Amino acid sequence: VDIDEKRQTVSATLPNGDTVEVLLYGATVTSWKNGGGKTENVWVSEKAIWDGSKPVRGGIPIVFPNFGPPIKDHATSALPQHGFARNVRWEFLGSEKSESGTSSVKLDFGLYSSALPAKFREAWPLDFGLVYSVTLSEEGLRTIMTVRNEGSSAFEFQFLLHTYLRVNDISQTTINGLGSETYIDKVLNATKHEQTTPSLSITGEVDRAYIGVKQDTTSVLEGGSPRFDVIRDNLSDTVVWNPWIEKAKGMGDFAPQDGYKNMLCVEVGAIDGWQKLEGGDAWEGGQLIKSLL
Ligand code: TA6
């Protein structure tokens with residue numbers, strides 16, 4: 001495990017050369033390489049902002065306690081789009097290496113309400129503790145969030161991992177595991193639809209929130225062969241997003257401009273309604289991503 005004070009990153013390497021890097025700002029995974037460290041699996045914009053002034057465009061940003069633009073007349077109404085978790089500096093809590101069989105290393109990060117910048121604490125004055133675990137193993141990358149309500153009264157939240165997967169060619173990329181599922185299509189004015197085909201191709205802007213997905217694995221194929229399995233853990237929803245040409249052009253921190261050809265967001269979360277957490281209780285959810293190259 002290496003802590004780079006200058007870059008404010010924590011990284012870990014397995015004996016087989018696989019690596020993961022996490023930026024303390026946002027506890028954002030900014031790199032995950034398997035295949036002995038040769039295959040980069042996440043996409044990060046060349047114009048991503050790393051200095052904490054804006055969420056990183058790429059990697060695995062954490063969305064908490066609200067997904068999307070905050071709704072009116074709600075405890076989260078004064079928070080930014082996608083909440084504050086990706087906008088604040090987390091602390092590195094430490095690492096654990098596996099003792100048994102296959103090697104693995106777990107990196108733990110913490111965010112506590114007492115450490116929130118005033119603007120977010122005032123906007124969402126609830127006592128909470130988040131512990132985010134990033135585990136690198138030969139099986140894949142597991143990222144799990146534990147949310148603890150440290151207050152006496154209940155609060156509600158949404159959670160999502162806004163994963164930017166790296167693909168070689170979006171025109172050769174298809175997504176399986178969402179056939180016959182219901183989705184809200186943000187490109188079609190947030191109307192509800194059912195995916196009638198077993199497989200989804202990306203031929204333009206896609207921004208779909210699949211709600212209450214039956215089985216827990218969303219598979220990404222390139223040229224028909226399996227590239228990633230994204231497996232939900234205690235989460236019921238999956239968002240699929242590609243900004244395509246115009247939206248990519250419209251983001252100042254999205255580069256190269258044709259980078260939409262090399263990225264696909266498959267975002268697991270609990271975003272349909274709100275998770276209610278009683279005072280003193282904890283909730284856990286996350287994902288395992290397998291890189292099948
Ligand atoms: O997850 C899809 C989405 O909600 C899109 O609608 C788009 O807004 C994307 O997230 C990026 O949001 P950001 O706040 O990171 O620019």
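Pro65 sits in the loop between β6 (62–63) and β7 (91–97). Helices here are DSSP runs of H or I with at least four residues, strands are runs of E with at least two, and both are numbered from the N terminus. The bond joining Phe64 and Pro65 is a cis peptide bond, with omega about 0°. This is a predicted model, where local features need pLDDT of at least 70, side-chain atom pairs count only at pLDDT 80 or more, and totals for chains, interfaces and linings use all residues. Residues are numbered from 1 along each chain as its sequence is written, and side-chain values use heavy atoms, leaving out hydrogens and water.

A cis bond also runs from Ala255 to Pro256, with omega near -5°. Pro256 belongs to the loop between α2 (244–249) and β21. Asn189 has a phi near 55°, a positive value in a residue other than glycine. Its place is the loop between β14 (182–185) and β15 (191–194).

Now turn to the ligand. Where does the ligand sit? The ligand sits in the largest pocket; sitting requires more than half of its atoms within 2 Å of the pocket's grid points. A pocket is found on a 1 Å grid over the protein atoms alone, as an open set of points where a 1.4 Å probe fits, with protein on both sides within 12 Å along at least five of seven lines; lining residues have an atom within 4 Å of a point. The largest pocket has a volume of about 410 Å³, a volume being the space filled by probe spheres set on the points, which are joined across faces, edges and corners.

This pocket is lined by 24 residues, and Arg57, Gln81, His82, His162 and Trp241 lie nearest its centre. By class, the lining has 9 nonpolar, 6 polar and 9 charged residues. Nonpolar means Ala, Val, Leu, Ile, Met, Phe, Trp, Tyr, Cys and Pro; charged means Asp, Glu, Lys and Arg; the others, Gly among them, are polar.

The residues surrounding the ligand include Arg86, Lys186, Asp207 and Glu267; each has a heavy atom within 4 Å of the ligand. The shell divides into 3 nonpolar, 3 polar and 5 charged residues. Polar contacts are pairs of N or O atoms within 3.5 Å. Gln81 has a side-chain N or O atom 2.8 Å from a ligand oxygen. For Arg57 the distance from a side-chain N or O atom to a ligand oxygen is 3.0 Å. For a polar side-chain atom of His82, it is 3.1 Å. The protein covers 85% of the 390 Å² of accessible area that the ligand has on its own, by the Shrake-Rupley method with a 1.4 Å probe.

The second largest pocket holds about 280 Å³ of space. Of its 15 lining residues, Phe67, Gly68, Pro69, Gln158 and Ile271 lie nearest the centre. Strand β21 (residues 263–277) gives the largest share of this lining, 3 residues. The lining classes are 10 nonpolar, 4 polar and 1 charged.

Key
A polar contact is a pair of N or O atoms within 3.5 Å; within protein, one must be able to donate a hydrogen and the other to accept it, and residues adjacent in sequence count only if both atoms are side-chain atoms.
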